[in-house]
Each structure stands twice: as C-alpha cells, then as structure tokens.
Amino acid sequence: MTLHEPTTPQFKQNAHEALRDENLQSALRGARNGFVGKRAAARAKLGEDEFDGLRDAARDLKNHVLANLADYLEAYEGKVTAAGGHVHWAETAEDAQNIVLDICRKAGAKTVNKGKTMISEECGINDHLAANGIKPVETDLGEYIIQLRGETPSHIIAPAVHVTVPQVREEFQKAHTHLPESRDLSGLDTLLSEARGVLREKYFQAEVGITGANMLIAETGQSVIVTNEGNGDLSQSLPRVHIVMASIEKIVPTLEDSSTILRVLGRSATGQDMSVYTTYSSGPRRAEDPDGPEEYHVVLLDNGRTNMLGTEFEEMLRCIRCGACMNHCPVYQTVGGHAYGWVYPGPMGAVLTPSLIGVEEGGHLPNASTFCGRCEDVCPMRIPLPKMMRHWREREFEKKLTPGAARYGLGLWAFFAKRPGLYRAGTRLGMAALRLLGRGRGRVSSLPLAGGWTATRDMPVPSGDTFMAQWKAKR
Ligand code: SF4
C-alpha cells in the first residue's frame, strides 16, 4: 500500500477539479510558453535538418536496442559486475521496493538521498522506505518542494511546475523553522539559496543515495544521469552506497550512442544544447579514486515492459522522458499533470500508463486527446503517440469499456457507413434537422447526445449541401 494511490480512473473528476483550481491555472499559464519557445529556438539554432536527422538516428538506435534487448542487458550486467557493481532484476514494482529496502537495511541507512528518478515514483519507493523507518530526502529542487507538500510530481522534468512562487515561499516558511522567521524570501534567488543551504546539509547525512538513469551503456556498464542542479552527482558520490534505479529499455549499445540521445534530450526537454551536468558512473570507487560510493547497485525494472515488446505499443519504449510531448499538449496545458492520476502524465502517459496499470484503470487517458498531433511532431524519438492512443481506444472498445452511448453511436454509424445510400440520406436528414434546431442563427447551443460539447461552446449549423452532393455537382 502506498500513500499515493493512482487516481487515473477518476481522470474526468480530476480534470474538473484542475479547471477550478485557480492556483494551478495560474502556474500552468506561467509555464505554458516557456518550454515550447525554448525547444523551438534550440532546434532552429542547431539547424532543423541536423536536429531532425538526429531524431531519425535516435529512433533507429532505440529500435535496434529493442530488437536485441536481452543481448544488450546481458552485456551491460557483465560490465557492471566486472567493475565491482551489482545488478538486481526487478520484475515488478514490489520486487524493486524489496530490493531497495534490503540494500538500505544492510547499509544501516536511516536517511536516503534521492536524485530525481521517475522509476522510484513508479515503484512508490519513498512511501515504502518511510513505512520501514527510513527517511527519503528528495534533492532535486522541484522534487523537494513537492515532497514538502506531500505530493507527487506533475511533470516528468519539472515536477513542481504546478506550484506558484507564493506557494513555495509558504512551504519553506512552514518547513524551515530553524531559520529566522523574519528572513527575506521575497525573490527567486533567496528561495533558491535557502533550498540550496538546507539540501547541502542533507547530502552529508545520508548513508545511501538513489538516482535514476537517463541511459545505461552496454559497452561500458555505465549509468548516465543528467541534471541542471548537480544534485544527481552529490546524491550518488557522497553516500557510502549508490543505488541506480532504471527500467530495462534505458539501455543503449555504446558511449557514442549515448551522445546521440543526449543531443536530442536537452534540446527537446528544456531547449538547452546540453543539460548543465551529465554524469557517467562506472561502479563503486576504485582503490585509486579519491571519492565515490563503496557499493554500487543497479535495480533494473521490468514492470510490464517486456509485455509491450512485439506489440503495437513497443515503440513507446523508445521514450527518453524529455517531456516535450506534454509541454506541447493542449490537454496537459489545461489540466496539469496530477489530473492524469499516476506517475506519467500527458501524451506519453496516455500511452504508457494503460500499458503498465491496464486499460481498465487507465482507459480515460488515451481518450483525453484532441489528436492535434503536436506530441508526435515534437517527440525526439518520433513515437507515433496519437496512433498508439487510437490502439488503446480500440482495445477499450473491444473490452466493452467504452461508455454505452459512444458504443451505440459508433454501432449506428457503422450500420450507415456500410450502406452508402442510407448514409447519404441520413446525412441530408441530419443536416436539415440541425438547421431546424439552429432557427436561423447558424448555431445550436444545446444538442442532445452532445451535451458535453455544447455545454461550453456552440455547435455551428452546417451551411450549404452535403460533401457528397457538392462532389457530385462538381464532376
Ligand atoms: S514520448 Fe517523446 S516527447 Fe514524450 S517524453 Fe517520451 S521522448 Fe519525450
């Protein structure tokens, strides 16, 4: 049992609440254009041809990995072991929880520092450690803020994007009671330096550091982590034990390949040529090393990913968690990440979440899309997200999970679509009925069976003749 149960099945209710939340709406308005403009500028600066060529190379590279996943994972494990590290295979989130807890207990840990890791969110590591008397401390600033608020991340690269500056100030005043009440917290710089000061102390208290990995390199057995704050480096090099948590598809064949991914990652995520810190870790400290952990563990999580191989959802495993799809998604921009109710929000979550927790739980997410296609346009790994959301809608329909009205509506449409004469007569009748309902105003403000649509906007009444009639007239 975790503190943060998925609320994905209540997506509709979550979305309604998000729309009513003024603080959230203000934070989302503030973030809306930042990422989009920065990515566009970074793409233009590199040159669109080179950027798009890199995307093709990154896609091909990951497709090759997925076709040979077992071989690369085996090679990776061999290299880690040879360097003195340990690889642990976790089939489920519970397995990962138990492995991490076991390592922490053996290390005698009371406090664990964490660099940002979405896999630990997926496995509910914080709650599991806390329930077993070990205190997890998030060291990424955004993660630290949401940890103070008792929340989960609402974005995969900007976990506190839903929090406004006044809310951060309030949290710091509540949490940092050891500091003078009258201190100046008026500016972003003062908030930042206070967080830095508080977190610096924590780095030296933890016995174990947990980080994620943006990549794992089969050729060298290294794990790669990128951050903009350097917290990943400190979380992994100061404690006595370092645990890397990563999912199995994070593997790339060679060092050279990792640079291809890095070149699209920073630009797609934050519009940076590269993230500020890129750290390659190669096992525990060697005799000649001045610092570094004494123990190095990698927890490799499957949690349903091998079931995606060979299916229409395999391409989702190319995802490098850059967040570009959610930054450009009109639905994400309107309701924020928490409405999605689990670890992965936005378009990538709409495909990945049903794969991991089942379409019965996550079926609303692929429906929460306008199919505008912006997510696919900006995805550095060229993942066909709308196509895969359509596959989920098909599965939902086949499993009879789609609401009755939609099912009957589709059945009715299919009946007519298979009978062109009837279809044409029906569209003519439908148009006449809509015109009648429009009463000469050119729009309908309330339409039976489409109340959700007309509740917030008017439906334009068709003008002119049907498409088929116009087509016939022109030939
Ligand atoms: S689906 Fe594409 S755009 Fe979205 S996070 Fe993954 S790699 Fe980035």
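Select strands β8, β5, β6 and β9, which form an open four-stranded sheet in the order β8-β5-β6-β9, with mixed pairing. Strands here are DSSP runs of E of at least two residues, helices are runs of H or I of at least four residues, and both are numbered from the N terminus. Two strands count as paired if DSSP finds at least two bridges between them. The edges of this sheet are β8 (251-252) and β9; each has a single partner strand, so one side of each is left without a neighbour in the sheet. The model is predicted, so local features need pLDDT of at least 70 and side-chain atom pairs count only at pLDDT 80 or more, whereas totals for chains, interfaces and linings use all residues. Residues are numbered from 1 along each chain as its sequence is written, and side-chain values use heavy atoms, with hydrogens and water left out.

Within the sheet, select β5 (residues 215-217) and β6 (residues 222-227), which pair in the antiparallel sense over three bridges. I217 has Q222 in β6 as its bridge partner.

Next, select β10 (residues 295-301). Is this strand mostly covered or mostly uncovered? Six of its seven residues are buried, and the strand is mostly covered. Buried means under 20% relative accessible area, exposed over 50%, and partly exposed in between, with a 1.4 Å probe and protein chains only.

From here, turn to R240 and E294, whose side chains meet in a salt bridge at 3.3 Å, N to O. This pair links distant parts of the chain, 54 residues apart: R240 lies in the loop between α11 (231-237) and β7, and E294 in the loop between β9 (277-281) and β10. A salt bridge is a side-chain nitrogen of Lys or Arg within 4 Å of a carboxyl oxygen of Asp or Glu. R240 counts as partly exposed because its relative accessibility is 33%, and E294 counts as partly exposed because its value is 47%.

How many salt bridges does a search of the whole structure find? The search finds 26 salt bridges. Select R43, E48, D52 and R55 to display a network of salt bridges. Within this group, the side chains of R43 and D52 meet at 2.9 Å, N to O. Then select R59 and D60, whose side chains form a salt bridge at 3.0 Å, N to O.

Move to the ligand, which is surrounded by 13 residues; the closest are C319, C322, G323, C325 and C379. A residue is near a molecule if one of its heavy atoms lies within 4 Å of it. By class, the shell has eleven nonpolar, one polar and one charged residues. Ala, Val, Leu, Ile, Met, Phe, Trp, Tyr, Cys and Pro count as nonpolar, Asp, Glu, Lys and Arg as charged, and the others, Gly among them, as polar.

Finally, select T402 in the loop between α20 (385-398) and α21 (404-417). T402 counts as buried because its relative accessibility is 16%.
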